[in-house]
Amino acid sequence: MEKTVNQKAWFLVLPVLLLVAFSAVIPLMTVVNYSVQDTFGNNQFFWAGLEWFEDMLHSDRMWDALARQLMFSAIILMIQIPLGIFVALNMPKSGFWSSFCLVMMSLPLLIPWNVVGTIWQIFGRVDIGLLGYTLDALGISYNYTQNSFAAWATVIVMDVWHWTSLVALLAFAGLKSIPDAYYQAAKIDQASRWAIFRYIELPKMMGVLMIAILLRFMDSFMIYTEPFVVTGGGPGNSTTLLSIDLVKMALGQFDLGPAAAFSIMYYLVILLISWVFYTVMTNLDKKGG
Amino acid sequence: MAKITLDNLAHSYYPNPKSEDDFALKELNHDWADGEAYALLGSSGCGKSTLLNIISGLLQPSQGRILFDGHDVTHATTSDRNIAQVFQFPVVYDTMTVRDNLAFPLKNRGADPKYIAERVQQIGQMIGMEAELDNRARGLTADAKQKISLGRGMVREDVNALLFDEPLTVIDPHMKWELRTQLKSLHHQFGHTMIYVTHDQTEALTFADKVVVMYDGRVVQIGTPQELFERPEHTFVGYFIGSPGMNVIPAKVSGKMANVHGASLTLDRGYTALDGKVEIGVRPEFVSLTKGEGLPVNVRRVEDVGRHKIVRADLFGNEINIVAGEDQSISPDMNRVVFDPKHVNVYVNDWLKVGEAA
């Protein structure tokens, strides 16, 4: 069959093209534009080439923020994924209590980011916060505004509180899809509890867990609001994650050039990690693991 | 291998069953003889799988006891009962290889690795998957997966019984024959007690030494395929076994005479006065279409199924099926039927009534 050629069809793509241009392409190109120029005000720009990129690559500040960011994402994944699976495994499988658990667990997911931040900011205060006050009364030195360990602990516990239920809900959905016959067969084969988890539950949950890991990684890698509200990146720079640092640089110091170079590199890092992740995922799928 | 005794067994899925209707499995006493192959036959929802799960220990009965060789195992776990069971849908461990799947039940019981390797090879050969032993189970077709499930069921030699819960539902027809034959030869070779649940009468009749027919939570008849065919003890067995099933016609019976809507026919045996719903049952194979004598029928259609013809007719408003020979010609003036008196059974309230020999 001959293909019909109709150049007018391009007009149908035009609205999308315009929309994407205004919402993504032009802003992104502006960033690219900033990243290769320098300005001393007055809206006068000078060509700077790759200077800002070189600067950023040699900047300890950025490497430190990246290291903190990677550590943050790694820690919350290492806590939330196993904890989510554990919660899902121990949830009632059906009936009233199952629905009850599902609703209770969805609650943190519905709270806006800045509210979560505010809740924990107050909760952790030594003078009026329940958590801070209690810890202080027990003689444990805890002050997230002065002690960087306490600040990290607060930010991580807050993220775990906010997002573990997402992992648990996804894992629960995966578990629910396993037919009873698998458990019955496992009983007949005299499989141990660990073997049931390892050979039945985990493989059947793998698909949803991959999605959970990807979602949690991306979300945590661009986290901004909650730690900003709680610690503002402090004490010092100890909880200054990538996005907090970027905003400081771009809007606080108004260093447009370095900030633009920074954000492009930030974007490339996310792209790189997502690509690695995707490749590993599809390979696992092919191998049948 | 063991003799399995069901003593006063019953099961209800309700916590407090009130009437007999609440029981998915009604009171049952039965011995499954050691080393026999049984088929458990019945339509969906008749309690077959419930009974099977009680025997394997996946379900605790509401009342009664189960004994293996005289030992009470009612409260023993599935693994203590040492039973193998194969389910309707394939259960394989996706991430393992076929070999590891087959070895899994042996490994869990701490068998000697050398023995496991040998035994798995043997089973792989039996299910025709020797070449695929080192493939992962995940990408396989449904038949192949079900063959693995069957293999995993057979891998242990010392099991007390092998239970099959409609295992061939997902398998291709030609493969069904092959696997069924293999199961049968396996039975001859090792002499395991086997219980095979199915709703397919051909499967039941070809597989088993004895067929247990269940209806509405009750065992209605246990017998050889021939007994089920010739003397169904319940009208359900008559309907369910045979193709088409037995003709059941309301009648009045006294002495050696049966009266169907005013027309009478002679029976082989004599009956004393019968109370309740009285019916006569006769298999289509023992009904013949004639010209002059017998009960009047109205032939509606003739189906030629290849080996024989099935005549669908109307006898005083009851549907009646007649099996006629493939080369027998059927003419419009053949509007009467006669029954072979030796094969006419009398049912009272659906249960067979055996008359006295004349």
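Visitor: Which way does α4(A) cross α7(A), left-handed or right-handed?
Guide: In this predicted model, α4(A) passes α7(A) in a left-handed crossing, where left-handed says that the near helix is turned anticlockwise from the far one by less than a right angle, and right-handed that it is turned clockwise. Helices here are DSSP runs of H or I with at least four residues, strands are runs of E with at least two, and both are numbered from the N terminus.

Visitor: At what angle do those two pack?
Guide: Helix α4 (residues 96-110) and helix α7 (residues 148-176) of chain A pack at about 130°, with their axes 8 Å apart; axes are lines fitted to C-alpha atoms, for helices over the stretch in contact, and angles run from 0 to 180 degrees between N-to-C directions. That makes α4(A) oblique to α7(A), since angles under 35 degrees count as roughly parallel, over 145 as roughly antiparallel, 65 to 115 as roughly perpendicular and the rest as oblique.

Visitor: And which residues meet there?
Guide: From α4(A), A:Met105, A:Ser106, A:Pro108 and A:Leu109 meet residues of α7(A) that include A:Trp161, A:His162 and A:Leu169, contact being C-beta atoms, placed from the backbone, within 7 Å. This contact has seven nonpolar, three polar and no charged residues, with Ala, Val, Leu, Ile, Met, Phe, Trp, Tyr, Cys and Pro counted as nonpolar, Asp, Glu, Lys and Arg as charged, and the others, Gly among them, as polar.

Visitor: Over to chain B: what about α3(B) and α4(B)?
Guide: The axes of α3(B) and α4(B), the latter covering residues 113-126, come within 9 Å and cross at roughly 130°, and α3(B) passes α4(B) in a right-handed crossing. The residues of their contact divide into six nonpolar, one polar and three charged.

Visitor: How many residues of chain B are in contact with chain A?
Guide: There are 22 residues of chain B in contact with 15 residues of chain A, and α2 (78-81), β6 (83-86) and α3 (98-108) of chain B each supply at least two residues of that side of chain B.

Visitor: How are residues and chains labelled, and what does the prediction limit?
Guide: Residues are numbered from 1 along each chain as its sequence is written, while chains are lettered from A and ligands numbered from 1 in the order in which they are written. Because the model is predicted, local features need pLDDT of at least 70 and side-chain atom pairs count only at pLDDT 80 or more, whereas totals for chains, interfaces and linings use all residues.

Key
Two residues are in contact if their C-beta atoms, placed from the backbone, lie within 7 Å.
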